[in-house]
Amino acid sequence: MITCRDVDSFLDDYLDGTLPEDKRKIFEAHLGLCPPCVDYLRDYRAAGSLAKHAQGDHEHSVDGLPEELVKAILAASSKPG
Amino acid sequence: MAVTGMTELDKTDASAVEADQALVAELKAAAPGSYERLVRAHGGYLLRVVRRLLRNEDDARDCVQETFVQVFRSVGEFEGRSSLRSWMHRIAVNCALMKIRSDKRILEDSIEDLLPSYDDEGHRIEPESELSVSAETTLEAAQVGDIVRRAIDRLPDVYRTVLLLRDIEDYTTQETATALGIEEGAVKTRLHRARAALKTLLAPVLADQSGKPRYAWW
């Protein structure tokens, strides 16, 4: 039987779907007996999803390139344009 | 600054590919107006990319400027194996990572306090709940977004960069290792610690005591 510490070491491979079959069964058997690990897995996965959503939402609310920066870039390029 | 090559063509529609090719031809010929069109078409996107990696707005703007200078100098070597935006994205990320490596000013807290604890038998020790948000409060998406972005910013750079590259920029483990100059095993270890720390930092917003999500859009 694996420990909670072992579960954490397999966590990312489990979420990526790359955990070998034999380890996955042991991992899921532990989850069946350990509510704290079930909660931890749920929150670990949710935190990752929140990070993606937060960045995505931020994308839509940010303005375009400031005009002074556009001018500075073109001046630094010392090329026609 | 190294310009990393791409090994596969991005999946874009035919009109976007044609527009890319036309603009690249104009850039290579230094056609009047072509540089400004490139900056206005892609500058805002690149600024958003580097802002995710850099905590300082001045550094982010410097990085965008350096990226375009590099692009203008290197466009003659661009072979079109990826989209123009993907190519510039990689240059911008490399620029941001170099700035992070060179910035020795930031004194960072240890990540250890944010990682899970276990007893002597390897059983999880559940942390005491420190809810900073009222159980009756349902958080709106904008509020959660701000909390999440601040949490990511609190991570030490060595972990924050891996998290951003893997989970936000969707780099593979190999691409992340190459970008950061570390082994793939180190990427996996740092990513796990970053995700675990982020989970700890976001604990007050993930769920209320009954497990019900706090945020309206989840």
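The expected span of a helix is taken here as 1.5 Å times one less than its number of residues, and helices (H or I, at least four residues) and strands (E, at least two) are DSSP runs, numbered from the N terminus. The structure is a predicted model, in which local features need pLDDT of at least 70 and side-chain atom pairs count only at pLDDT 80 or more, whereas totals for chains, interfaces and linings use all residues. Residues are numbered from 1 along each chain as its sequence is written, chains are lettered from A and ligands numbered from 1 in the order in which they are written, and side-chain values use heavy atoms, with hydrogens and water left out.

**View 1**

View 2. B:A92 lies in helix α4, residues 84-102 of chain B, and counts as buried because its relative accessibility is 1%. Contact means heavy atoms within 4.5 Å, and, leaving aside neighbours within four places in sequence, B:A92 is in contact with B:L46, B:V50, B:C63 and B:T67. B:V205 is 113 residues from B:A92 in sequence, and their C-alpha atoms are 32 Å apart in space. B:K99 also lies in helix α4 of chain B; with a relative accessible area of 18%, B:K99 is buried. Not counting residues up to four places away in sequence, B:K99 touches B:L54, B:D59, B:D62, B:C63 and B:E66.

**View 3. The interface of chain A and chain B.** On the two sides, 42 residues of chain A are in contact with 48 residues of chain B. The area buried between the chains is about 4200 Å², with carbon and sulfur atoms giving 63%; buried area here is the accessible area (1.4 Å probe) that two parts lose on being put together, summed over both. In chain A, the residues that lose the most area to chain B are A:Y40, A:L50 and A:Q55, together 15% of what that side buries.

View 4. A salt bridge is a side-chain nitrogen of Lys or Arg within 4 Å of a carboxyl oxygen of Asp or Glu, and the count between chain A and chain B is 5. One such bridge joins the side chains of A:K52 and B:D170, at 2.8 Å from N to O. A polar contact is a pair of N or O atoms within 3.5 Å; within protein, one must be able to donate a hydrogen and the other to accept it, and residues adjacent in sequence count only if both atoms are side-chain atoms. By this rule, 13 residue pairs are in polar contact across the interface, both residues being at pLDDT 80 or more. On the side of chain A that touches chain B, α1 (4-16), α3 (35-61) and α4 (67-77) each supply at least two residues, and α3(A) gives the most, with 17 residues.

View 5. A:A47 lies in helix α3 of chain A, and is buried, with a relative accessible area of 1%. Not counting residues up to four places away in sequence, A:A47 touches B:L198, B:K199, B:L202 and B:L206. B:L198 and B:K199 are among the buried residues of α8(B). Helix α8, residues 184-201 of chain B, should span 26 Å for its 18 residues at 1.5 Å a residue, and its end C-alpha atoms, 26 Å apart, agree.

**View 6. Helix α6 of chain B and the residue B:D170.** Helix α6, residues 157-168 of chain B, is mostly covered, with 11 of its 12 residues buried. Among them are B:Y159, B:R160, B:L164 and B:I168. Just after α6(B), B:D170 takes a positive phi of about 60 degrees.

Notes:
Buried < 20%, exposed > 50% of the residue type's maximum accessible area, 1.4 Å probe, protein only.
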